Amino acid sequence: MEESYPMTGGDGQFSYAKNSNPQGRAADNVKALLVGTIAENLDIEHICRESTIFRIADLGCSVGPNTYIAVNNIIEVVAQKCQSKGHASLPDFQVFFNDHVSNDFNLLFANLPPERQYFAVGVPGSFHTRLFPKASINFIYSAYALQWLSKAPAELGDQLNSTSCNKGRIYYSNAPNEVGQAYSAQYAKDIGSFLCARAEELAPGGLMTILIPGT
Ligand SMILES: C[S@@+](CC[C@H](N)C(=O)[O-])C[C@H]1O[C@@H](n2cnc3c(N)ncnc32)[C@H](O)[C@@H]1O
């Protein structure tokens, strides 16, 4: 069973909407990389030959405002790329906002920028499973979300039988080596299922960018 710990909803003092500046700054710091990657690697000729719709997915989008900024950046660069390739008109942009079902999608939709140049869709569910039809998404983006595990490794709580028991701690720093290995094995499983699902969903010529915090 997947465990879901959504960000604090609403727009109160302790909400994610009011406490997500560090993640926003991190995304801003790598904007040049995002722009360069799209400019260099996105096969816009192929995509525009296949469809008049350009589909973007933000996986683990939470409630904004970071997701709105990221989506705008992506659309801006894709539009520039279309223009630089001499396309007379832009594709219609469709944006899929994904997060766990318990995410505050009401707030996400209520705050969508009124001047947006895209059609917005909510996609509830875990990104460790398939979320979209085969070969349907042209650009997959995920920021500050893939560090989440689908669940805590079961052996961490097994006080009687497991050397990986992480009694009394919520972090693995200073814990026995087996604890780190248990987290690492769970992460390998999770990233494996994430990548398998995305490999099915990404359309030919498309791109995926992932931003993961690390130390
Ligand atoms: C720290 S927030 C990042 C939100 C946004 N991407 C940003 O950069 O501000 C991480 C989000 O990932 C979501 N998340 C974690 N695991 C997920 C999963 N398996 N499927 C979908 N969303 C997930 C959480 O619910 C949370 O909203």
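Me: Is F96 buried or exposed, and what is its relative accessible area?
Reply: Keep in mind that this is a predicted model. The cut-off for buried is under 20% relative accessible area. F96 falls below that, so it counts as buried, with a relative accessible area of 12%.

Me: Which residue does F96 form an aromatic pair with?
Reply: The structure holds 5 aromatic pairs, and F96 is in one that is edge-to-face. The ring centres are 5.3 Å apart, with 65 degrees between the planes. Planes over 60 degrees apart count as edge-to-face. The partner of F96 is F132.

Me: How many residues apart in sequence are the parts that this pair ties together?
Reply: F96 sits in strand 2 (residues 92–99), while F132 is in the loop between strand 3 (119–124) and strand 4 (137–143). F132 is buried, with a relative accessible area of 6%.

Me: What is the angle between the planes of F127 and F194?
Reply: F127 and F194 form an aromatic pair as well, and it is edge-to-face. Centre to centre, the F127 and F194 rings are 5.5 Å apart. The angle between their planes is 90 degrees.

Me: Where does F194 lie, and what is its relative accessible area?
Reply: F127 is in the loop between strand 3 and strand 4, and F194 is in helix 6 (residues 177–201), so their pair ties together parts 67 residues apart in sequence. F127 is buried at 9% relative accessible area. F194, in helix 6, is buried too, with a value of 0%.

Me: Now the helices. At what angle do the axes of helix 2 and helix 4 cross?
Reply: Helix 2 covers residues 31–41, and helix 4 covers residues 66–84. Their axes come within 10 Å, and the crossing is right-handed. The angle is roughly 35 degrees.

Me: How many residues of that contact are nonpolar?
Reply: On the helix 2 side, the residues are K31, L34, V35, I38, A39, E40 and N41. Helix 4 meets them with N73, I74, V77, V78 and K81. The contact residues include 2 polar and 3 charged ones, and the nonpolar count is 7.

Me: How far does helix 4 reach from its first C-alpha to its last?
Reply: Helix 4 has 19 residues, and its reach is close to the span expected at 1.5 Å a residue. Just after helix 4, G86 takes a positive phi of about 80 degrees. As for the reach of helix 4, that's 27 Å.

Me: Which peptide bond is cis, with omega near 5 degrees?
Reply: Most peptide bonds are trans. This one involves P65, in the loop between strand 1 (53–59) and helix 4. The cis bond runs from G64 to P65.

Me: What phi does Y144 have, although it is not a glycine?
Reply: Most residues other than glycine have a negative phi. A135, in the loop between strand 3 and strand 4, has a positive phi of about 50 degrees. Y144 lies in the loop between strand 4 and helix 6, and is partly exposed at 28% relative accessible area. Its phi is positive, at about 55 degrees.

Notes:
Residues are numbered from 1 along each chain as its sequence is written. This is a predicted model: local features need pLDDT of at least 70, side-chain atom pairs count only at pLDDT 80 or more; totals for chains, interfaces and linings use all residues. Side-chain values use heavy atoms; hydrogens and water are left out. Helices (H or I, at least four residues) and strands (E, at least two) are DSSP runs, numbered from the N terminus. The expected span of a helix is 1.5 Å times one less than its number of residues. Axes are lines fitted to C-alpha atoms, for helices over the stretch in contact, and angles run from 0 to 180 degrees between N-to-C directions. A crossing is left-handed if the near helix is turned anticlockwise from the far one by less than a right angle, and right-handed if clockwise. Contact means heavy atoms within 4.5 Å. Ala, Val, Leu, Ile, Met, Phe, Trp, Tyr, Cys and Pro count as nonpolar, Asp, Glu, Lys and Arg as charged, and the others, Gly among them, as polar. Rings of Phe, Tyr and Trp (its six-membered ring) pair if their centres lie within 6.5 Å; planes under 30 degrees apart count as stacked, over 60 as edge-to-face and the rest as tilted. Buried means under 20% relative accessible area, exposed over 50%, partly exposed in between (1.4 Å probe, protein chains only).
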